[in-house]
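The sequence and the model are shown first, and a guided description follows.

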Amino acid sequence: MEILFISHKFPPAIGGMEKQSFELINGMSSLTPVHQIVYQGNESILRFFFLLNKRILAVLDRHPNVRLIHFNDSLVASLSLRHRGYDHLKKVVTIHGLDVVFPLRHFQKKIIPQFNRFDKIIAVSQATKQAAIDRGIDPNKIDVIANGVDHHLVMDPHVAIDVILKKYKIDKDANKLIIALGRPVKRKGISWFIKHVLPQLPAGYKLILIGPFAMTATWKEKLLYALPQPVRHLVFLFLGFPSDQKVIRQYLRNPDYEDRLQHIGKIPLVDVQSLLCHSGLFIMPNIKVDGDMEGFGLVCLEASICGATVFASDLEGISDAIVHQKNGFLLPTGEADRWISEIRDALDDPLLLQNRSKEFQAYSLQHYSWEKMSKAYFSLFQDIIQCG
């Protein structure tokens, strides 16, 4: 069984979809012969898409034993619907969430329903599957295979943390820190948490934000905010633009939050691991945003593997990554009182919190891995090909 993988989300670009694509192709290569056409930034993305049909046919000419083509997200899959010359092969697409719910009318009404032409659709979560069904895709066409997580993120808890705190001028003990990771997009709920939850937590605790962040407005940000709101929303979603950045910046400049909030930007992975390993807890307080969704809570899993205790919204694909009281705590999205009481209770008993984090880490290690994900894809691909 030879497989051809197609992806425009691939390293050196950084992100959850890029990581999943990389791990899938590499994992499958240990199980069966694979070929790949991936975008690595060495040409314009438009040129990549324009030449894709031609390049697929060239690979198939060199490797006539290819039996299945896998497209790693809805955008590249939707473009393939216009391709010619390989209708005799099985075709599979993975859908991740936003690539299904993107609120462009033509995409929703005219393109997504055509995904019924694929032999199989793989959703990364039950929420993503349901989003596809809601848009007219045959439920029998869809299988759910959860993403994996990198087990190498486990860190020795005895590693000294003091040098990291000093490096980033963090003026709290590590166990007094609450950590949040990732791009500041609105659905992540960080500004919601800062406004509604953070002021009600014990005064000695501080929220540390980690990830790309512009402390001053860029020309691109100013230009985008000049667009009409409906257009701006679409552009933000398409570009993955940090739509919560402007509001968070205002909180960072507010003297009332000086001792409660700090953004340390994008930092080396080993420093992230150390902070997560020693911190009080990790939060992912996602909120509902029209036209956007969290397809899978990979960041939650990574935090759990690092040794942090995860508190996350029981929303969308997060619920496929975090199982309540097994590898974290799921809380109702947008219910500030519940978030405040649950976090307060956890912080009141640091020893219990530390013990639970070890239990949660063990559960995540046992139930999620890139190897497990790759084997699930391999088994499904075998079934598809054998069905003729």
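## The nonpolar surface patch

Which helices each supply at least two residues of the nonpolar patch? In this predicted model, the answer is helix 4 (74-80) and helix 11 (229-239). The patch covers about 370 Å² of the surface and consists of Leu75, Leu79, Phe238 and Leu239.

Leu75 belongs to helix 4.

Arg232, Phe236 and Leu237 are its buried residues. They lie on the same side of helix 11, because the arc they cover around the axis is only 130 degrees.

The buried residues of helix 11 pack against helix 5 (98-101) and helix 10 (219-225). On the other side of helix 11, Pro230, Phe238 and Leu239 are exposed; Phe238 and Leu239 are also among the residues of the nonpolar patch. After helix 11 comes Gly240, which has a positive phi, near 65 degrees.

Which residues of helix 16 are buried? They are Ala336, Trp339, Ile340, Ile343, Ala346 and Leu347. These residues cover an arc of only 140 degrees around the axis, and therefore lie on the same side of helix 16. Asp337 and Asp345, on the other side of helix 16, are exposed. The elements against which the buried residues of helix 16 pack are helix 9 (190-196), strand 10 (281-284), strand 11 (310-313), strand 12 (329-331) and helix 17 (350-367).

## Salt bridges

How many salt bridges does the structure hold? There are 17. One of them joins Lys19 and Asp150, whose closest N and O atoms are 4.0 Å apart. Lys19 is in helix 1 (residues 16-29), whereas Asp150 is in the loop between strand 6 (142-144) and helix 8 (162-167), so the pair ties together parts that are 131 residues apart in sequence. Lys19 is partly exposed, with a relative accessible area of 25%, and Asp150 counts as partly exposed at 21% relative accessibility.

A further salt bridge is formed by the side chains of Glu43 and Arg47, at 3.1 Å from N to O. Glu43 counts as buried because its relative accessibility is 17%, with buried meaning under 20%. Arg47 has a relative accessibility of 46% and counts as partly exposed.

## A buried pair and its network

The side chains of Glu294 and Arg187 meet in a salt bridge of 2.9 Å, N to O. Glu294 lies in the loop between strand 10 and helix 14 (298-306), and Arg187 in the loop between strand 7 (177-181) and helix 9; the pair therefore ties together parts that are 107 residues apart in sequence.

Are Glu294 and Arg187 buried or exposed? Both are buried. The two residues also belong to a network of salt bridges that links Arg187, Lys188, Asp292 and Glu294.

Technical notes. Residues are numbered from 1 along each chain as its sequence is written. This is a predicted model: local features need pLDDT of at least 70, side-chain atom pairs count only at pLDDT 80 or more; totals for chains, interfaces and linings use all residues. Side-chain values use heavy atoms; hydrogens and water are left out. Patches are made of residues with over 30% relative accessible area and no salt bridge: like charges are joined within 9 Å, nonpolar side chains (Val, Leu, Ile, Met, Phe, Trp, Tyr) within 5 Å. Accessible areas come from the Shrake-Rupley method with a 1.4 Å probe; for residues, only the protein chains shown count as cover. Helices (H or I, at least four residues) and strands (E, at least two) are DSSP runs, numbered from the N terminus. Buried means under 20% relative accessible area, exposed over 50%, partly exposed in between (1.4 Å probe, protein chains only). The arc is that of the directions from the helix axis to the C-beta atoms. Contact means heavy atoms within 4.5 Å.
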